[in-house]
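Below is a short briefing on one model with two chains. Please look over the sequence and the structure before reading the points that follow.

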Amino acid sequence: MIFLRRQLPLLITLITGLLFAAQYYVPHPASEQMLTSATKWLQIIGGFALILGVTSLFHQHAVKIRRQEAGWGYSLVLYAGMIGTIAVGLWANGKESVDGAMTAFGWVYNYMMVPLQGTMFAILAFFIASAAYRSFRAKSREAAVLLVAAMIVMMGRVPLGEYLIPLSGDVSSWILNVLNASVRRAILIGVSLGAVALSFKIIFGVERSYLGGGKE
Amino acid sequence: MSLAERMLKIDRRIIFLVIGLCTLLPLLYPVGLPIRISSEVRGVYDHMESLPERSVFLLSIDFDPASKPELHPQAIALLRHAFRKDLRVIAMTLWVSGTGMAEQLVTQVAKEMGKEYGKDYAFLGWSPGGQAVIINMGQDLYSAFPSDYGGKPTKDLPVLDGVRNLKDVAYMVSLGAGRPGVEEWYVFGKDKYKFELGGGCTGVMAPGLYPLLRSGQINGLIGGLRGAAEYESLIGQKGKAVAGMDAQSATHLAIIVLVIICNVFYLSLQRAARTQRQIG
């Protein structure tokens with residue numbers, strides 16, 4: 001059993017990891033066909049992951065409702081919303097409109113999901129303004145530099161800022177293109193090297209946490 | 001409690017009111033300040049302009065309704081430009097929750113520009129897998145999308161004549177609000193299948209994509225509502241983005257003024273505390 005639980009997954013990871021790392025550099029039709037098949041499988045697994053996610057969400061909230069835990073009413077709303085949307089979605093065959101006429105699924109999407117998501121995002125502007133007022137303070141020299149840079153970029157990114165301080169557009173562009181890009185690139189390089197190192201550790205079986213715990 | 005202390009603990013509803021007014025008033029009474037075109041947005045525009053007629057333009061609408069205010073105007077401006085240039089437009093999305101919105105916007109602009117479905121444009125819809133879809137499209141587009149959003153086999157669409165995979169796409173723009181988005185299209189798409197790539201994103205994401213822009217990994221970037229307004233100005237069809245720029249100007253200015261006020265009171269309090277310590 002240990003072979004099935006430990007050695008076999010490690011062996012599969014080693015073989016597929018090395019195979020697909022090499023595949024990138026081999027443009028042979030057989031190698032390309034292998035990639036096509038693998039990505040098709042990935043898409044299929046992606047579809048099942050969606051089902052798994054929805055099932056898990058249903059299960060989690062069902063437990064909350066059954067035990068009447070704090071906030072179980074929200075779980076009930078989630079259940080009603082999800083079941084209702086799935087029902088009208090299946091009824092409409094997943095289409096928002098048929099021959100130009102809006103379906104019930106389209107109505108839910110256009111008049112509930114779109115405004116709700118839009119509102120959530122729009123509210124952020126108010127909270128950001130409030131948070132900026134409360135916490136964006138020049139408490140140290142570094143914070144002061146950040147504060148000044150942020151104000152220049154904010155001015156330079158809107159027509160009114162460029163109208164009031166014509167130089168702000170160019171300075172803002174310089175901050176984004178030079179300072180920001182170089183720092184971001186350094187972070188990206190660091191993260192990428194970390195990802196490469198982690199990939200090697202997984203491929204060669206040094207990092208095994210993805211196998212999970214449980215009994216041997 | 002001193003004035004400075006009171007001001008620092010100001011009721012946040014007053015700030016909400018200020019931001020609300022700064023958004024509402026410019027929308028009701030627009031000023032229409034001129035918009036300067038940045039080199040990032042011009043990069044996308046110039047490449048679209050350089051494409052010959054009937055070239056294949058792939059637009060991936062990788063956002064959901066939450067980012068609609070910023071990215072919807074970008075998509076509309078790009079589609080108007082593509083249809084005006086008589087490009088073959090293939091639209092799709094990697095975000096399941098954006099599928100309906102994407103279909104509506106493509107249909108709306110195509111109708112406005114008098115384009116015919118199947119011949120001038122197609123909407124492939126959504127397919128599960130995120131970046132796997134990109135790789136799959138790079139290998140074989142018909143394997144990733146055997147049928148379009150309406151269920152028609154993609155192989156029967158005249159708009160896709162001569163298109164086998166991403167290598168046959170003349171230009172691709174991803175309008176992304178997160179992952180999968182512009183970065184994934186570069187890493188899993190352009191890097192291997194060598195097509196020209198441009199990007200569009202929300203304002204907060206734009207600074208993160210500048211490294212890709214500076215290294216030429218993407219040839220242009222439309223950032224936030226400002227980027228959309230610039231693109232609308234470039235194609236000479238001003239829309240919601242240009243209309244929203246006054247409101248954005250006012251709110252930016254309001255936040256800057258609020259931050260300055262907060263810092264003036266904060267520093268005055270610090271100074272008072274220091275003086276008191278010295279006396280004590």
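In which loop of chain B does B:Pro180 lie? B:Pro180 lies in the loop between β4 (171–176) and α8 of chain B, where helices (H or I, at least four residues) and strands (E, at least two) are DSSP runs numbered from the N terminus. The peptide bond that leads from B:Arg179 into B:Pro180 is cis, with omega near -5 degrees.

This is a predicted model, in which local features need pLDDT of at least 70 and side-chain atom pairs count only at pLDDT 80 or more, while totals for chains, interfaces and linings use all residues. Residues are numbered from 1 along each chain as its sequence is written, and chains are lettered from A and ligands numbered from 1 in the order in which they are written.

**Chain A overall**

- Chain A has 7 helices and 2 strands, and along the sequence they follow the pattern α-α-α-β-β-α-α-α-α.
- The radius of gyration of chain A is 26 Å, whereas a compact globule of 216 residues would have one near 17 Å; the radius is taken over C-alpha atoms, and the globule rule is 2.2 Å times the number of residues to the power 0.38.
- Taken along the principal axes, the C-alpha atoms of chain A fill a box of roughly 70 × 50 × 45 Å.
- Of the 216 residues in chain A, 11% are buried. A residue is buried if 20 or more other C-beta atoms lie within 10 Å of its own, exposed if 12 or fewer, and partly exposed in between, with C-beta atoms placed from the backbone.
- Among the contacts in chain A with a separation of 6 or more, 19% join residues 24 or more positions apart. Two residues are in contact if their C-beta atoms, placed from the backbone, lie within 7 Å.

**Domains of chain B**

- Chain B is divided into domain 1 (3–30 + 245–279) and domain 2 (39–238), with bounds that come from an automatic or database domain assignment.
- The centres of domain 1 and domain 2 of chain B, taken over C-alpha atoms, are 40 Å apart.

**Where the chains meet**

- In chain B, 48 residues are in contact with 47 residues of chain A.
- On the side of chain B that touches chain A, at least two residues each come from α2, α4 (68–84), α5 (99–112), α6 (131–139), α9 (206–214) and α11 of chain B.
- The largest share of that side, 13 residues, comes from α11(B).
- By class, the side of chain B that touches chain A has 25 nonpolar, 15 polar and 8 charged residues. Ala, Val, Leu, Ile, Met, Phe, Trp, Tyr, Cys and Pro count as nonpolar, Asp, Glu, Lys and Arg as charged, and the others, Gly among them, as polar.

**Helix α2 of chain B**

- The 17 residues of α2(B) (residues 12–28) should span 24 Å at 1.5 Å a residue, which agrees with the 24 Å between the end C-alpha atoms; the expected span is 1.5 Å times one less than the number of residues.
- B:Ile15, B:Val18, B:Ile19, B:Cys22 and B:Pro26 are buried in α2(B).
- The buried residues of α2(B) pack against α4 (104–135) of chain A together with α11 (240–279) of chain B.
- The face of α2(B) turned away from the buried side carries exposed residues, including B:Leu17, B:Leu24 and B:Arg13.

- α5(B) has 14 residues and reaches 20 Å from its first C-alpha to its last, close to the 20 Å expected.
- Among the buried residues of α5(B) are B:Met101, B:Glu103 and B:Leu105.
- The cover over the buried residues of α5(B) includes α4 of chain A together with β1 (56–62), α4, β2 (88–93) and β3 (121–126) of chain B.
- α5(B) is followed by B:Gly114, which has a positive phi near 70 degrees.
- α6(B) is mostly covered, with 8 of its 9 residues buried, including B:Ile134, B:Asn136 and B:Gln139.
- What covers the buried residues of α6(B) includes α2 (29–67) of chain A together with α7 (141–144) and α8 (182–193) of chain B.

**Single residues**

- A:Asn93, in the loop between α3 (72–91) and β1 (97–98) of chain A, has a positive phi near 60 degrees although the residue is not glycine.
- A:Asn93 is exposed because 10 other C-beta atoms lie within 10 Å.
- B:Arg54, in the loop between α3 (39–50) and β1 of chain B, also has a positive phi, near 65 degrees, in a residue other than glycine.
- B:Arg54 has 15 other C-beta atoms within 10 Å and is therefore partly exposed.
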